[in-house]
Amino acid sequence: MAGGQAPEASPGRYQRRRDEIDDDDCADVLGIDVRGPDADPFDIPAKRAPVERLRRWRQAALVLNASRRFRYTLDLKKEEEKEQIRRKIRAHAQVIRAALLFKEAGEKQNHDTELPEILPRGFGIGEEQLTVMTRDHNYSALQEYGGVKGLANLLKTNLEKGIHGDEADLSCRANAFGPNRYPRKKGRSFWVFLWEACQDVTLVILIIAAVISLVLGIATEGIKEGWYDGTSIAFAVFLVIVVTAVSDYKQSLQFQHLNEEKQNIQVEVIRGGRWIQVSIFDIVVGDIVALKIGDQVPADGVVISGHSLAIDESSMTGESKIVMKDQKSPFLMAGCKVADGFGTMLVTAVGLNTEWGLLMASISEDNNEETPLQVRLNGVATFIGIVGLSAAAMVLVVLFARYFTGHTTNSDGSVQFVKRHTSVKSAIFGSIKILTVAVTIVVVAVPEGLPLAVTLTLAYSMRKMMADKALVRRLSACETMGSATTICSDKTGTLTLSQMTVVQSIVGEVKLQPAGNVDKLSPTVVSLLLEGIAQNTSGSVFEAQDGSVEVTGSPTEKAILSWGLDLRMKFAEERSRSSIIHVSPFNSEKKRAGVAVVARDSDVHVHWKGAAEIVLSLCTSWLDVDGSPHEMTPDKANQLKKLIEDMAEQSLRCIAFAYRNLDLKDVPSEEQRINWQLPDNELTLIGIIGMKDPCRPEVRDAVELCKKAGVKVRMVTGDNLKTAKAIALECGILDDSEASAQAIIEGRVFRAYDDTERENVADKISVMARSSPNDKLLLVKALKKIGHVVAVTGDGTNDAPALHEADIGLSMGIQGTEVAKESSDIIILDDNFSSVVKVVRWGRSVYANIQKFIQFQLTVNVAALVINIVAAVSSGNVPLNAVQLLWVNLIMDTLGALALATEPPTDQLMRRPPVGRREPLVTNIMWRNLFIQAVFQVVVLLTLNFRGRDLLHLTHDTLDHSSKVKNTLIFNTFVLCQVFNEVNSRKPEELNIFAGVSRNHLFLAVVSITVVMQVIIIEFLGKFTSTVRLNWKLWLVSIVIAFLSWPLAFVGKFIPVPRTQLKDLILRCWPKSGESAAQQTQDDRIAESRV
């Protein structure tokens, strides 16, 4: 695009339907309602489509092979069965627990728990005992084993250092208590796909026709010559079935692999004293697992320690209830989510010994869904199919009429049917041939593979996106990403490297850079500072025997702990000097975290850390170098605010540390402590630090690419306004001219607006600072309402609503919680914004590839239908017989999809505006290309059909031989035209159709196989295809005619096309449509003014 300007996107292209907006807010955005009975059944929303809508399009589709066509769509019946199984397993578990409690109540006198006679080698407890205790939440049994500490001893687990974790230990535990896996239902074998491919109605008819033809042929012409016709049709049908089955089977394997990747959750465990990340499938009984907000509980177990640990058990119990877990209610169930707090658990049961394992083993792993594009293509296929069926019926009637009235002749000129002279066998044989041709026209005319081409390109794209660090959880997200008009991105880890380091710090008016300056502080100040760093953290420090240190936790926690180590903090010693009595975990609403600790001298300190200006506003005093507190005067507060602003302008994240003393008598008892709100008033400021997290080096180019592609990038961050602005300028999200008050806004300001005001300002926002997850959700809703297709990144549990609400939710694979990942559509495995941009390219590629395939297939459809219909009506004979048409069908269906639906994305895709989700699948440019090629093929081939003998100088040959040569040339030219047009279809809008062709090895392979097979068919398989060998001159004629499609396509691209879509032009011709067309134009103007 000249000058590198961003393409202008017509907002009318992105208008969304009423059913795409939440049920609780169904306001008509652009005056269009598609939920009425007359609405297009092939139009479904991209997310959360109602079951009734899914049923409607299935009923409306014209389908020849339902088992194949609906293979990758949601099985509505199976979904109901899954829910019934879930209910049964939940009820089963609850009945067992209820029965156990009843039994215990009746047998209280018997408290003996009998151990099995044979225990696993090296362990003091057996698999069955652990499973029963955990499954039944048997607290008395746990007490009899000595509580959590006694249970850990029986399992040979050190509660501080975990299990040994070497290969022998892990193997021994897996053998004794089972692995954390469950038997998966095997994927369908190749033979199932082969059987499904056989169920196509038209192919079944052709097989029956082939059998009848074989029997009649042998009976009429003898075994030596009579078997060719029937066998050739049967072989062609068999070839179509095998190629279809192989293609479908390979797609199935790709989906299986992606499903396995989705379930491979990473879990943090402590082994040999070190916190490490392991796969959920590698968890063993005895492992100590760290749990934090948003995590999935990986196995059954008991709580070792926890602070405000709240578990969402709805996935297992079916009840939307958050359950608090502590020493008195310690049992955890696999598959549940951590709703709040953090803690550690001891694994007691894995795999099939858990309810989650039983549930997952009982239900199918199929994650099939229909995508909007797939459903729309079913509509296209249905329309074309109706036209094709009508054409085939007309051909059938005309051929039968001409045959039985004696108006058809054999190749030697003799009349095929003469009343009272032609035998019954010959009449049946002739009728079968006519029926076979008509049925084969249906095979070619009904594009059964068109909707499946979406699945093929999605499967290919998903596999390639894995290499680009994007794991697709929902198929339709691939398509929708191509329509994205805006991306709301987090800052930390997505736009930045997530490598935070403390570069500035001030404690008691002393700058601690370098760290040696800590000696200037009194022991009291140092003690309070290090206590706050070591205790008020969700991270950890591992010190190996060789002296090496490993810091774990979030990027912010790692930076603070590393800074503490620079200040000569001994993490383990510092933690042992005081004990935690209550924790207030960090959340993005209050932007701070607190902890109450009691020291050995019974002093209680409440430590807070968080967003500097927020913590500062809670402070009434500050700590001097000597440890004496001073009142926080307005002048001092302003001085510190100026310090924070200066740091923020250098794109630093500012964190403040504060504390307050508390009398032990003011601390609630342990029972009341669960709801205790840590006091955060009258705090004393200890110090402020500034952390630098550099922008990713590739982000600026990625943002610039988005701008050129018509996609606006917005940064939504919890950092303060100055930091956010500095980072946005550095990343290229803002330039100096845009750094105005309208482009940058704080979350609280946006939150205070009403719905109308939010919609008015949403499109102008480039940066939202100090935002909460709810602010992000409000921004997403506002952008959607004004017509944007919104992609959102998120990593926290609180981001789940925004990820769910967005058109495309993108969660982070490294920092993202399991709750965020489950609410998202795509997981960005490397947390990198450039990977998000790659997903946009792939989304556009999916749509572009489908359009290429549609253009190619429709050209073949139109040409084949017109040629056969005109020939049948005018002469009673068709130039393309059943076997030849089946080969053409194979080229345009399975092989064509393989060649065109797997085209890799190009940079050209990112120079166009986003793909409108309501744009016609067949654009005016495609209609132009299709019309030119189809007319060219029809004119040339019909000319050859009617004037071929004269033009090819075959009049001196016998009528039989010259007709065979002419028909062979027509068949050969027609196939070669498709091969050349396949290359044309690669670039519907570009002049250079060969750009990048050498990199697409699959395309080259398909074209090469097609050409080689065509040569073999013409030169060696004439008996089967009713063709004859062609001399080099006729081969040259075929190639030259087919080659002409290239210069014709080149010249055709200079023909301008109207901006108004063909469908709208046609609708204007009908009076009834005039009013709706006018309304549509008005709606477009409304959208244009708003987006």
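User: Which residues of helix 14 meet helix 30, and where in helix 30 do they land?
Analyst: This is a predicted model, so take the contacts as computed from it. From helix 14, the residues involved are Leu373, Arg376, Leu377, Ile384, Gly388, Ala391, Met394, Val395, Val398, Leu399 and Arg402. On the helix 30 side they land on Val846, Tyr847, Ile850, Ile854, Leu858, Asn861, Leu865, Ile869, Ala872, Val873, Ser874 and Ser875.

User: Are helix 14 and helix 30 roughly parallel or roughly antiparallel?
Analyst: Helix 14 spans residues 372-404 and helix 30 spans residues 833-875, and their axes come within 9 Å. The crossing angle is roughly 10°, and angles under 35 degrees count as roughly parallel. So the two helices are roughly parallel.

User: How do helix 15 and helix 31 run, roughly parallel or roughly perpendicular?
Analyst: The axes of helix 15 (residues 424-445) and helix 31 (residues 882-900) come within 9 Å and cross at roughly 5°. That angle makes helix 15 and helix 31 roughly parallel.

User: How many charged residues are in the contact of helix 15 with helix 31?
Analyst: Helix 15 brings Thr436, Thr440, Ile441, Val443 and Val444, which meet Ala882, Leu885, Leu886, Asn889 and Met892 in helix 31. By class, there are seven nonpolar and three polar residues, and the charged count is: no charged residues.

User: Which residues of helix 31 does helix 11 touch?
Analyst: Helix 11 (residues 228-263) packs on helix 31 at an angle of about 10°, with the axes 9 Å apart, which makes the pair roughly parallel. Helix 11 uses Ser232, Ile233, Ala236, Val237, Leu239, Val240, Val243, Thr244 and Ser247. By class, the contact has ten nonpolar, five polar and no charged residues. The helix 31 partners are Ala882, Val883, Leu886, Asn889, Leu890 and Thr894.

User: Which helix gives the largest share of the nonpolar patch?
Analyst: The surface patch covers about 400 Å² and is made by Val204, Ile208, Ile212, Val424 and Ile428. Two elements give two or more residues to the patch, helix 9 (201-221) and helix 15. Val204, for one, sits in helix 9. With three residues, the largest share comes from helix 9.

Terms used
Residues numbered from 1 in each chain as written. Predicted model: local features only at pLDDT ≥ 70, side-chain atom pairs only at ≥ 80, totals over all residues. Heavy atoms only, no water. Axes fitted to C-alpha atoms, helices over the stretch in contact; angles between N-to-C directions. Helix = DSSP H or I, 4+ residues; strand = E, 2+ residues; numbered from the N terminus. Parallel < 35°, antiparallel > 145°, perpendicular 65-115°, else oblique. Contact = heavy atoms within 4.5 Å. Nonpolar A, V, L, I, M, F, W, Y, C, P; charged D, E, K, R; others polar. Patch = residues over 30% accessible without salt bridge, like charges linked within 9 Å, V, L, I, M, F, W, Y side chains within 5 Å. Areas by Shrake-Rupley, 256 points an atom, 1.4 Å probe, with all protein chains shown as cover. Salt bridge = Lys/Arg side-chain N within 4 Å of Asp/Glu carboxyl O.
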